[in-house]
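Q: I have a structure open and would like to learn how to read its features one by one. Could you walk me through them?

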Amino acid sequence: MPAERRRPRRRLLAAALAALLAAPVAASDYFSAVDLDGDGRVSLDEFLERMGFAFGQMDLDGNDVLEPHEQHVPDAPRITRAEHEARFTAQFHRQDGNGDGYLSRAELLAPPR
Ligand SMILES: [Ca+2]
Ligand SMILES: [Ca+2]
C-alpha cells in the first residue's frame with residue numbers, strides 16, 4: 001500500500017466520518033452539516049451531497065467502491081457509489097414523513113425508518 005494511503009490524518013478523518021454516519025452525534029451540528037444552503041430544510045441533493053462526500057472520504061483508493069476495510073467493518077459487503085446513492089435516496093424518502101420532498105430537522109434526526 002503506498003505511503004500516502006496510510007497518513008494518520010486521513011485515517012482519522014475517515015473514522016470521524018464513519019462515526020458521524022453511524023452515531024447520533026450533536027444533533028444541531030449534524031443538521032447544519034447536511035443543510036448546505038442553510039434554508040432550514042434538507043433537499044435530496046443536499047442529503048446525497050453530504051453522503052457522497054462521506055463516501056469519497058472513505059473511498060481511500062478512489063475507485064468508487066467501498067471495500068470492507070474502507071468501511072472499517074471486516075465482513076461488510078462491497079458498496080459501489082451507485083448503490084450507496086440508491087440506499088440513501090431510499091432512506092431520504094423513508095425519513096420524509098410528510099412527503100414534501102424535504103427533510104425537516106425533526107425528520108432528519110428521527111430514528112432511521
Ligand atoms: Ca437546505
Ligand atoms: Ca419532509
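A: Helices (H or I, at least four residues) and strands (E, at least two) are DSSP runs, numbered from the N terminus. By that rule, L66 is placed in strand β2. Please keep in mind that this is a predicted model, where local features need pLDDT of at least 70, side-chain atom pairs count only at pLDDT 80 or more, and totals for chains, interfaces and linings use all residues. Residues are numbered from 1 along each chain as its sequence is written, while chains are lettered from A and ligands numbered from 1 in the order in which they are written.

Q: How many helices and strands does the protein chain have, and what pattern does it follow along the sequence?

A: The protein chain contains five helices and four strands.

Q: How do I read burial, and is L66 buried or exposed?

A: Count the other C-beta atoms, placed from the backbone, within 10 Å of a residue's own: 20 or more is buried, 12 or fewer is exposed, and in between is partly exposed. L66 is buried because 22 other C-beta atoms lie within 10 Å. Across the protein chain of 113 residues, buried residues make up 13%.

Q: And how do I read a contact; which residues does L66 meet?

A: Two residues are in contact if their C-beta atoms, placed from the backbone, lie within 7 Å. With neighbours within four places in sequence left aside, L66 contacts F55, M58, D59, Q71, R78 and I79. For the protein chain, take the contacts with a separation of 6 or more: 49% of them join residues 24 or more positions apart.

Q: What should I check in a helix such as α3?

A: Start with its span, where the expected value is 1.5 Å times one less than the number of residues. Helix α3 covers residues 44–58, 15 residues, and its first and last C-alpha atoms are 21 Å apart, close to the 21 Å expected. Next, look at burial: E46, F47, R50, F55 and M58 are the buried residues in α3.

Q: How do I describe the way α3 and α4 cross?

A: The axes of α3 and helix α4 (residues 81–95) come within 10 Å and cross at roughly 140°. That makes α3 oblique to α4; angles under 35 degrees count as roughly parallel, over 145 as roughly antiparallel, 65 to 115 as roughly perpendicular and the rest as oblique. For handedness, a crossing is left-handed if the near helix is turned anticlockwise from the far one by less than a right angle, and right-handed if clockwise. Here the crossing is right-handed. On the α3 side, L44, F47, L48, M51, G52 and F55 meet R81, H84, E85, F88, T89 and F92 of α4.

Q: Which residues make up the largest nonpolar core?

A: A nonpolar core is a set of buried Ala, Val, Leu, Ile, Met, Phe, Trp, Tyr and Cys residues joined through C-beta atoms within 7 Å. The largest one here has six residues: V42, F47, F88, F92, L103 and L108. Take F47, which belongs to helix α3. F47 is buried, since 23 other C-beta atoms lie within 10 Å. Beyond four places in sequence, F47 touches V34, V42, F88, F92 and L103. Its C-alpha is 7.8 Å from that of D35, 12 residues away in sequence.

Q: What does phi tell me at D64 and H72?

A: Most residues other than glycine have a negative phi, and most peptide bonds are trans. D64, not a glycine, has a positive phi near 65°, and H72, also not a glycine, has a positive phi of about 60°. D64 sits in the loop between α3 and β2, and H72 in the loop between β2 and β3. D64 is partly exposed because 13 other C-beta atoms lie within 10 Å; H72 is partly exposed with 15 such neighbours. Leaving out residues up to four places away in sequence, D64 touches D59, T80 and R81.

Technical notes: Axes fitted to C-alpha atoms, helices over the stretch in contact; angles between N-to-C directions.
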